[in-house]
Amino acid sequence: MLDFSRQDADISELATVLIPYGAKIGDTGKRITIESVNNGIDYIEAADAIAYRGRIVKSKIWDDVTKPENLMSKAIAHLSKAKMVTTRLSISAIDLSAMDQSIDTFSIGDLVPVQIEPYGVDDDFVLFERDYDLMNAANDTITIGSALETLTGLSGSSERKNSDTINRIYQESREEYDLNKALISETETRLLSLIQQTSSDIMLEVEKTKEDAEGIKEQIAQINVNAENVGIRVSKIETDGVDKVKTSMGYTFDDDGLHISKSGEEIDNTLDHTGMYVKRGDEIMLKANKDGVVATDVTVRNYLIIGSHARFEDYSDGTDGNRTACFYV
């Protein structure tokens with residue numbers, strides 16, 4: 001160990017009585033106070049601190065607080081800190097790991113066990129600073145310690161008398177550090193699991209969307225005529241070749257393309273070199289050609305994907321199922 005010190009912080013900000021002020025009230029020049037929620041008194045005090053230090057009155061302004069009850073809460077929290085004296089405990093020591101590889105090296109945040117009998121110190125301290133000597137690694141030093149907030153501060157004569165209290169505080173700090181470290185590790189594990197799960201869900205959705213798109217393309221691009229099921233019977237064959245084919249079901253294939261119709265039915269279908277046309281009477285219900293696809297009275301049973309990222313489908317919020325939503329995919 002090179003050095004051991006305890007130092008009280010600046011006590012100029014100490015307060016045992018606090019007068020809090022909130023936001024300004026219009027153009028009156030006055031500010032919100034706590035009188036309405038504090039029995040007509042515009043200040044609060046810390047009796048325990050007054051008993052030791054007397055009445056040290058300070059005021060503080062919160063410009064963003066507009067309600068007396070909120071101002072009261074902030075004042076209580078502030079005074080609980082302002083009445084304390086912060087004492088810094090620090091120890092400087094040589095990092096012997098540079099000279100002996102059997103000794104564990106130190107890292108920022110480590111808990112380092114420290115025993116200093118003359119001061120009654122026997123506890124684990126947090127390592128918060130490390131200095132490296134690039135010319136001589138044996139001169140590397142570490143600084144470990146913590147900050148204690150008390151009403152009285154710590155004097156040289158009281159250090160040894162209050163060693164049990166100090167040790168208890170450090171023990172609580174160490175337990176809190178271990179707990180936070182475990183919670184951080186658990187949170188990291190859960191976040192990683194959620195990220196992996198989300199990635200898998202996205203991949204499955206992308207694959208499903210690709211399969212659906214390919215299925216639609218195949219349905220539009222292909223007309224699969226099963227000769228055995230349809231039972232096409234050729235009614236006329238010219239000697240020099242086939243110039244027209246007509247089936248008993250009303251299918252006609254000639255120079256004008258493939259024409260499908262049946263007497264007494266509303267729907268008439270034509271497929272030729274310019275595209276595909278579906279009529280109901282004289283009205284074109286579906287047209288697919290070089291200009292694109294135009295349709296009348298389209299019903300999509302499941303969902304409709306437009307472009308690369310928009311999907312329309314039925315949606316329910318748990319109370320109303322008669323809704324339609326657009327999702328980004």
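This is a predicted model: local features need pLDDT of at least 70, side-chain atom pairs count only at pLDDT 80 or more; totals for chains, interfaces and linings use all residues.
**View 1. The whole chain, with its surface and make-up.** Residues are numbered from 1 along each chain as its sequence is written, and side-chain values use heavy atoms, with hydrogens and water left out. The chain has five helices and 18 strands (DSSP runs numbered from the N terminus: H or I of at least four residues for helices, E of at least two for strands). Of the 329 residues, 23% are buried, meaning under 20% relative accessible area with a 1.4 Å probe, protein chains only. Take the contacts with a separation of 6 or more: 51% of them link residues 24 or more positions apart (contact is heavy atoms within 4.5 Å).

**View 2. Strand β2 and its two partners.** Four of the five residues in β2 (residues 17-21) are buried, so the rest of the structure largely encloses this strand. With β3 (residues 44-45), β2 pairs in the antiparallel sense over two bridges; pairing takes at least two DSSP bridges between strands. Here Leu18 sits opposite Ile44. With β4 (residues 57-61), β2 pairs in the parallel sense, this time over five bridges, and Pro20 faces Lys60.

**View 3. The largest nonpolar core, and another one.** This core has 14 residues, and Leu18, Ile34, Ile44, Trp62, Leu71 and Leu79 have the most contacts inside it. (A nonpolar core is a set of buried Ala, Val, Leu, Ile, Met, Phe, Trp, Tyr and Cys residues joined through side-chain atoms within 4.5 Å.) Helix α2 (residues 68-82) gives the largest share, five residues. Leaving aside neighbours within four places in sequence, Ile34 touches Pro20, Ile41, Asp42, Tyr43, Ile44, Pro68, Leu71 and Met72. Apart from this core lies another, of seven residues, including Phe106, Val112, Val114 and Ile142.

**View 4. The open sheet β16-β17-β18.** Three strands line up in that order, with antiparallel pairing. β16 (303-306) and β18 (323-328) are at the edges with a single partner strand each, so one side of each has no neighbour in the sheet. From one strand to the next, the twist averages 25 degrees (axes are lines fitted to C-alpha atoms, with angles from 0 to 180 degrees between N-to-C directions). Six bridges tie β17 (residues 310-315) to β18, and Arg311 has Phe327 as its bridge partner in β18.

Conventions: Buried means under 20% relative accessible area, exposed over 50%, partly exposed in between (1.4 Å probe, protein chains only).
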